[in-house]
Amino acid sequence: QVQLVESGGGLVQPGGSLRLSCAVSGRLFDIYTMDWYRQAPDNERELVARLRVGGSANYHDSVKGRFTISRDNAKNTVSLQMNSLKPEDTAIYYCHTTSYGPIESWGQGTRVTVSS
């Protein structure tokens with residue numbers, strides 16, 4: 001199994017930046033996608049960014065050009081750099097992985113609030 005622990009959420013003003021981090025442990029070699037999802041109040045959970053094992057990434061249209069997903073293999077982390085934040089980015093952000101099986105793993109979530 002895979003265990004995920006997010007950190008880095010908080011309160012930021014519009015236009016500001018935050019960096020979310022997800023510590024990944026467990027059966028790392030089975031993982032083939034690493035993602036960030038978010039869920040705003042009264043909304044469904046949506047995929048924000050996906051990083052595949054080969055290195056390709058894709059993003060939700062609303063965050064393209066502002067968010068960047070990356071991984072640090074030495075530290076076993078996957079990060080989400082969020083720039084030019086908007087109030088509509090306010091949500092709980094979840095780290096997610098898919099391993100061969102397929103087996104899905106979720107973190108507990110970290111809250112991001114964009115407000116002046």
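**Note on strand pairing, core and aromatic contacts**

1. In this predicted model, strand β1 (residues 2-7) runs antiparallel to strand β3 (residues 18-26), and six bridges join the two. Strands are DSSP runs of E of at least two residues, numbered from the N terminus, and two strands pair if DSSP finds at least two bridges between them. Within this pairing, V2 stands opposite G26 in β3. Residues are numbered from 1 along each chain as its sequence is written. Local features need pLDDT of at least 70 and side-chain atom pairs 80 or more, while totals for chains, interfaces and linings use all residues, and side-chain values use heavy atoms, without hydrogens or water.

2. Strand β3 is also joined to strand β8 (residues 77-82) by six bridges, again in antiparallel orientation. Here S21 stands opposite S79 in β8.

3. The largest nonpolar core has 25 residues, of which V24, W36, F67, V78, L80, M82 and Y93 touch the most other members. Such a core is a set of buried Ala, Val, Leu, Ile, Met, Phe, Trp, Tyr and Cys residues joined through side-chain atoms within 4.5 Å; buried means under 20% relative accessible area, exposed over 50%, and partly exposed in between (1.4 Å probe, protein chains only). Strands supplying at least two residues each include β1, β4 (31-39) and β9 (91-99). The largest share, four residues, comes from β3.

4. Leaving aside residues up to four places away in sequence, V24 touches V2, Q3, L4, I31, M34, N76 and V78. Contact here means heavy atoms within 4.5 Å.

5. The count of aromatic pairs is three. Rings of Phe, Tyr and Trp (its six-membered ring) pair if their centres lie within 6.5 Å, with planes under 30 degrees apart counted as stacked, over 60 as edge-to-face and the rest as tilted. The pair of Y32 and Y100 is tilted, at 4.5 Å centre to centre and 40° between the planes. Because Y32 lies in strand β4 and Y100 in the loop between β9 and β10 (103-106), this pair ties together parts 68 residues apart in sequence. Y32 is partly exposed at 26% relative accessible area, whereas Y100 is exposed at 54%.

6. Y94 and W106 form an edge-to-face pair, with 6.3 Å between centres and 85° between planes. Y94 is buried at 12% relative accessibility, and W106 is partly exposed at 35%. Together with Y37, these residues form one aromatic cluster.

7. The charged end of R45 sits over the ring of Y94, 3.8 Å from its centre. R45 also lies over the face of W106, at 4.6 Å from the ring centre. The criterion places NZ of Lys or CZ of Arg within 6 Å of the ring centre and within 35 degrees of the ring normal.
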